[in-house]
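Student: I would like to learn how to read a structure residue by residue. Could we work through one together, with the general idea coming before each case?

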Amino acid sequence: MKQKRKIGRYIFGVLLLGVLIWGGMLVKNHLDFQNEMVRIVHSKEVEKLIEEELKASDPNALTPKGKIQSYEIDDKTIEHNPMGGIMFEVIINGNKEITGSMGLRKRSEDGPIRSVGMSESKALRNLIGEQQW
């Protein structure tokens, strides 16, 4: 009886160790994926896309004449889009109420990153003076 109990504990221990290793690998892969998305979103290529979107809304954006003076990427909002690509928020003029939600996609492994557009918050539309519907 004691021999069966030792074997059972040994098998349980091996299975538990396997589950812990598998779980650790899943967490590591998720963190690596998240870090890669953050790296992409903070790249020069994406910075240019963000500025193009902002200038489409406010032609004088990021100049002394513009209503949009600055922007920053909210790292807490960077996430994978279930349909593919990356989604994140851009905070305008340091005000967390004035934001733009932006999406990125890439058609092929070595193709360029493209913007899927920027959805403007109500506060951002008010800032740039667009008509509200």
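Student: Which residues does Glu 72 touch, not counting residues up to four places away in sequence?

Tutor: Before the answer, please note that this is a predicted model, in which local features need pLDDT of at least 70 and side-chain atom pairs count only at pLDDT 80 or more, while totals for chains, interfaces and linings use all residues. Residues are numbered from 1 along each chain as its sequence is written, and side-chain values use heavy atoms, with hydrogens and water left out. A contact means heavy atoms within 4.5 Å. With residues up to four places away in sequence set aside, Glu 72 touches Glu 89, Val 90, Ile 91 and Gly 94.

Student: Where is Glu 72 found, and how far in space is Glu 72 from Glu 47?

Tutor: Glu 72 is found in strand S1, where helices (H or I, at least four residues) and strands (E, at least two) are DSSP runs numbered from the N terminus. Although Glu 72 and Glu 47 are 25 residues apart in sequence, their C-alpha atoms are 9.8 Å apart in space.

Student: Is Thr 99 buried or exposed?

Tutor: The general idea is that buried means under 20% relative accessible area and exposed over 50%, with partly exposed in between (1.4 Å probe, protein chains only). Thr 99 counts as buried because its relative accessible area is 14%, whereas Glu 72 is partly exposed because its value is 42%. For the chain, 24% of the 133 residues count as buried.

Student: What surrounds Thr 99, leaving aside its neighbours within four places in sequence?

Tutor: Thr 99 is found in strand S3, residues 95-106, and is in contact with Glu 89, Val 90, Ile 91, Ile 92, Ser 119, Glu 120, Ser 121 and Leu 124. With Glu 89 there is also a polar contact of 3.3 Å between the side chains; the term stands for a pair of N or O atoms within 3.5 Å, where within protein one must be able to donate a hydrogen and the other to accept it, and residues adjacent in sequence count only if both atoms are side-chain atoms.

Student: Which residues does Ser 57 touch, on that way of counting?

Tutor: Ser 57, whose place is in helix H2 (residues 44-57), touches Glu 120 and Ile 128. Ser 57 and Lys 67 are ten residues apart in sequence and 10.0 Å apart in space, C-alpha to C-alpha.

Student: What should I make of the phi of Leu 62 and of Asn 93?

Tutor: Most residues other than glycine have a negative phi. Leu 62, which is not a glycine, has a positive phi of about 65 degrees, and Asn 93 likewise has a positive phi, near 55 degrees. Leu 62 is found in the loop between H2 and strand S1 (71-80), while Asn 93 lies in the loop between strand S2 (86-92) and S3. Leu 62 counts as partly exposed because its relative accessibility is 29%, and Asn 93 is partly exposed with a relative accessible area of 28%.

Student: How do the helices and strands follow one another along the sequence?

Tutor: The chain has three helices and four strands, and along the sequence they follow the pattern α-α-β-β-β-β-α. Along its principal axes the C-alpha trace spans about 85 × 35 × 25 Å.
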